[in-house]
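Student: I would like to learn how to read a few features of a protein model. Could we take them one at a time?

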Amino acid sequence: MLLRRSKLLLSPSSRAAGHLVCRYFDVIVVGGGHAGTEAAAAAARVGAETLLITQKIKTIGVLSCNPSLGGVGKGHLVREVDALDGLCGRAGDWAGIHFSILNRSKGPAVWGPRAQLDRDRYREFIQSELLSTPRLTVLEGAVEGLLVSEPNPDQPGQIKVTGVRIAGGAQPINAKSVILTTGTFLSGALFMGQTVSQGGRMGDPPSCSGLSHTLRETLGLKIGRLRTGTPPRIVKDTVQLSLTKVCPGDKQPTPFSFLNKETRCKPEEQLPCYLTHTTPGVERVVKEGLHLNAHIQQDTKGPRYCPSIESRVLRFPGREQQVWLEPEGVASDLLYPQGLSMTLPPELQLRLIREIPALKQAEIRTPGYGVQYDFVCPTQLSPSLQVKKAQGLFLAGQINGTTGYEEAAAQGLWAGVSAARAALSLPLLALSRTQSYIGVLIDDLIVQGVTEPYRMFTSRAEFRIVLRSDNADLRLSTRGFEEMGCVSMQRYKEAVRMTDGLRDAMAALESISMSCTKWMEKLGQIHLSKTKSAKLNGLELLEYKDVTFEMLASAFPGCLSAYLEFSKRLKIEGLYRPHYMMQEQEMERVRKDENLSLPQDVDYLTLPISLSMEAREVLDRAKPHTLGAATRLPGITPSAIVHLLNYVRKTDKEREQERVHI
């Protein structure tokens, strides 16, 4: 059944605080988007007294762009956030109106759970959860700067962040940790044709200029500029849907959350999406309007994997492009045209969409626009998402150069856990890329940096067979409870029950063994090699495409029928079982490299080992935390890694000898 919220929806004004009684918190989170909401909730779950500061409480949980969640790679992040007791997975199950598994024709390791969402339902769910979270206070306001002091000499860092200054003359608010999740609002500018205005989203002002100044001048951080955009919203009744391909949701929706057995939206209540395509007329309008498009003319990098229609036309001239018309809600009369993000003047936007047959008579409710914003180069962060230079300052979301709700939510959760643990004087933890897609995301950001908005794909993970969306709870929930402190007892018990159940079920399957001939006699229409002499057990039999756990349970009800609730997961476990050993060996090698720490105060330019000047400059610029991170830096050769390894072993041995003498 669907895990329903026990709280009633609260009025956003119920936590709006014009005057804060408390002026000291463990953690302050700046920004109420996907990163900020997950960060604030995670910090509070860990046990920190947390303050979330946002410009407008009513916009917490707003889906600024496409009302959707998940996808290839992104769906893995949502399920991992859920496994660590985050919000977005349960919110997606509550607000979803169209569910589908992308990449279903491929193996389960790269399946991408996705849902189209009802904007209002999603926002209401997130606000309800946040406004009723213990230890969490929500404040309307704008942060104009950071409070700083001398650093703690026992910790790395050149300066210490101790709180925030609020615009409007309010008293400063102090905190042990501060998390910035400013999204597209940091020095944000909106573009529509040749019109440029200040803002992070249409109708909302940018972050205070003092915040960018603090990051750039006071902290000395390297700041870059990125861009993104959103398409016009189209009135559904003006679209000729008969000229599109109707695409219904899956017959049986798959929930994001491991706590939910079903979604709020029943299968028959799902709304369809519609597929259409661009025409040569679309390309013509784009080219005619280039001189009127200030956003597209600039050098600021935009998202490669979700580009504007102008970028796609210029990059792939003459190519027909897909356009998905997606519903925005059960009661909404609007369609979101995915694939038509644009920044042309409004009159040209209308001309452009009407070049598509299904949109010949379409009307635009709100035009599309572009956004440019500042981001902090993420190589300046540690694996905890703390700024290396600044003790107590953590960053999450688009401020780190990523794009997408899911990437923001994943970073927000981890920054929240890290900031809370730092505030409570608990040791900071790291998520390895061998453990999760969140680990892959963070490692890519802090080691490689970004030259364009970063988007998660399954191809970014080396260990896709192990890091699947179906087993995120097995990988993360128990660790989230026992080590991180961010997972509830309810979820922990469910994860333990699932782990034990799957273990017992696999043991029962392995206890049933017979020849291929006997299996075919027992199960009937399955295809096995009769010449194969070795016996197969039940788990090995699940490697075969036409064998299901239900078939085996029907043949051996006495020992297998008790495990029918695990049937889908057992099929996937059986399918990938032979590949585990190979990946496990490689994962163990990576773990060993990750366990070899590199000093953060070392001067690579003068280090007395054999390194090329290129390698020295790369290492000195990146300051990798581990040998594993160093192996992923561009320009670092295998021989350089060997010299680094020898250096680490030598210094570790010298330190050990010093401890013995002391």
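Student: Is Arg-135 buried, partly exposed or exposed?

Tutor: Some ground rules come before the answer. This is a predicted model, in which local features need pLDDT of at least 70 and side-chain atom pairs count only at pLDDT 80 or more, while totals for chains, interfaces and linings use all residues. Residues are numbered from 1 along each chain as its sequence is written, and side-chain values use heavy atoms, with hydrogens and water left out. Buried means under 20% relative accessible area, exposed over 50%, and partly exposed in between, with a 1.4 Å probe and protein chains only. Arg-135 has 36% relative accessibility and counts as partly exposed.

Student: What is the phi of Arg-135?

Tutor: Most residues other than glycine have a negative phi. Arg-135, however, has a positive phi near 70 degrees. Arg-135 sits in the loop between helix 4 (119–130) and strand 6 (136–140). Helices (H or I, at least four residues) and strands (E, at least two) are DSSP runs, numbered from the N terminus.

Student: Where is Asp-85 placed, and is Asp-85 buried or exposed?

Tutor: Asp-85 lies in the loop between helix 2 (74–83) and helix 3 (88–95). Asp-85 is buried, at 8% relative accessible area. Its phi is positive too, about 70 degrees, although Asp-85 is not a glycine.

Student: How is the packing of helix 2 and helix 12 described?

Tutor: Two packed helices are described by the angle between their axes and the distance between the axes. Axes are lines fitted to C-alpha atoms, for helices over the stretch in contact, and angles run from 0 to 180 degrees between N-to-C directions. Helix 2 and helix 12 (residues 472–484) pack at about 35 degrees, with axes 8 Å apart. Contact means heavy atoms within 4.5 Å. Helix 2 contributes Arg-79, Glu-80 and Ala-83, and helix 12 contributes Ala-472, Asp-473, Arg-475, Leu-476 and Ser-477.

Student: Which residues of helix 19 are buried?

Tutor: An α-helix has 3.6 residues a turn, so residues three or four places apart point the same way. In helix 19 (residues 613–622), the buried residues are Ala-615, Arg-616, Val-618, Leu-619 and Ala-622. Seen down the axis, they fall within an arc of 165 degrees, so they line one face of helix 19. That arc is of the directions from the helix axis to the C-beta atoms. Exposed Glu-614 and Arg-621 are on the face turned away from the buried side.

Student: What follows helix 19?

Tutor: Lys-623 does, with a positive phi near 50 degrees.
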